[in-house]
Amino acid sequence: MKTLLPCLALGLTLTAWGLSAADWPQWRGPNRDDHSPDTGLLKQWPKEGPKQIWITKDVGLGYGGYSLVGRQLFTVGLRDDKELLLALDASNGKELWAAPIGTPFTEQRGDGPRMTPTVDGDRVYALGAKGNLVCAQVSDGRVLWQKSLVKDLGGKVEVWGYTESPLVVGNKVLCTPGGSQGTMAALDKLTGATLWRTTDLTDRTQYSSPILINHGGHQQVVQLIEKRVFGVDPESGKVLWKSDFPGAVAVIPTPIYQDGQIYVSSGYKVGCASVKLSADGNSVETVYENNKVM
């Protein structure tokens, strides 16, 4: 089965976005919590449905999401045997530029890239399903640097490919290559140079994307992998804590943080769990675990 990116639905929902909505620069929004600051939204669609503003069918195959900054939409797709990072004009859907990410990833349930680009100032970051991370210029798509999570960082392509949306923290872009060199990596966002690896945590990667939280006045990055959820100091790469959460087949959902607690979940009859951070953020205790998602 091949999958067309959700460009048709998006075209229907851009009635206000092209002009006045807040930016949505990365996976799950500005804070990776799926909360939008926009107000005055319709409580229900009109009887005749929303007005279609534009439609495009040329973004390609894949499972990519969209980022929105100003008048530009960013997404990823497989087209002409190339995985591409694309920029569209949010007002009319016209393609502004396309930048190469890597060679095609193929899988019986659907080919192509499967992440949401991360926009940071004048740069945008995208990860191909085979693990090629690119940094491109927002204005024209010129690729400024690229790095392979496999060849350069010792990771391994899992069954359904790399699906992570990289996280920018300060001068770093964080990703999860997995493997013996360290589960997570921080790269210089301007050059791609490796700044640290979690050498004391070397689990394989999965399909989740990390989040940045502020707890007790300190930042930390939280990520979910196959057998555990963990927190990392974004400055040093030190693993602050880890908690077992054994997944099965595929661990996908993004962790959720609120009021000192972190919630994680997974499919395939695994369920969910919540852990509470200590005051200093260096340890956690389990609040509950359940094989049903709550």
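Two strands are said to pair if DSSP finds at least two bridges between them. By this rule, the predicted model contains an open sheet of 4 strands, arranged in the order β9-β10-β11-β12 with antiparallel pairing. At its edges stand β9 (167-169) and β12 (194-197), each of which pairs on one side only. From one strand to the next, the twist averages 25°. Strands of a sheet pair through backbone hydrogen bonds, either parallel or antiparallel.

Strand β11, residues 185-188, joins β12 in the antiparallel sense over 3 bridges. Leu187 has Thr194 of β12 as its bridge partner.

The loop that leads from β10 (172-175) to β11 holds Thr183. Is this residue buried or exposed? Thr183 counts as buried, because its relative accessibility is 0% and the limit for a buried residue is under 20%. Residues up to four places away in sequence aside, Thr183 touches Cys175, Thr176, Pro177 and Gly178, and also Thr198, Leu201, Thr202, Asp203, Ile225 and Phe230.

A further antiparallel pair is made by strand β15 (residues 228-232) and strand β16 (residues 239-244), which are linked over 5 bridges.

Attention may now turn to Val138, which is located in the loop between β7 (132-137) and β8 (143-148). Its relative accessible area is 12%, and Val138 is therefore buried. Which residues surround Val138, once its neighbours within four places in sequence are left aside? The contacts of Val138 are Gln72, Phe74, Trp97, Val119, Gly121, Asp122, Arg123 and Val124.

Another loop residue is Arg28, placed between α1 (7-13) and β1 (67-69). Arg28 counts as buried because its relative accessibility is 16%. Its side chain reaches the backbone oxygen of Arg32 at 3.0 Å. Apart from residues up to four places away in sequence, Arg28 touches Asp33, Asp34 and His35, together with Thr254 and Pro255.

The cysteines form a separate topic. A disulfide is a covalent bond between the sulfur atoms of two cysteines. How many disulfides does the model contain? The count comes to 0 disulfides, under a rule that requires a pair of cysteine sulfur atoms within 2.5 Å. Cys135 illustrates the result: the nearest cysteine sulfur belongs to Cys175 and is 13 Å away, and Cys135 is in no disulfide. Cys135 counts as buried because its relative accessibility is 0%. Cys272, with a relative accessible area of 2%, is likewise buried.

The mean pLDDT of the protein is 92, and 93% of its residues reach 70 or more. Over residues 6-20, however, the pLDDT is below 50, although this stretch has 31 contacts in the model beyond near neighbours in sequence.

Terms used: Residues are numbered from 1 along each chain as its sequence is written. This is a predicted model: local features need pLDDT of at least 70, side-chain atom pairs count only at pLDDT 80 or more; totals for chains, interfaces and linings use all residues. Side-chain values use heavy atoms; hydrogens and water are left out. Helices (H or I, at least four residues) and strands (E, at least two) are DSSP runs, numbered from the N terminus. Buried means under 20% relative accessible area, exposed over 50%, partly exposed in between (1.4 Å probe, protein chains only). A polar contact is a pair of N or O atoms within 3.5 Å; within protein, one must be able to donate a hydrogen and the other to accept it, and residues adjacent in sequence count only if both atoms are side-chain atoms. Contact means heavy atoms within 4.5 Å. Axes are lines fitted to C-alpha atoms, for helices over the stretch in contact, and angles run from 0 to 180 degrees between N-to-C directions. pLDDT is the predictor's confidence in each residue, from 0 to 100.
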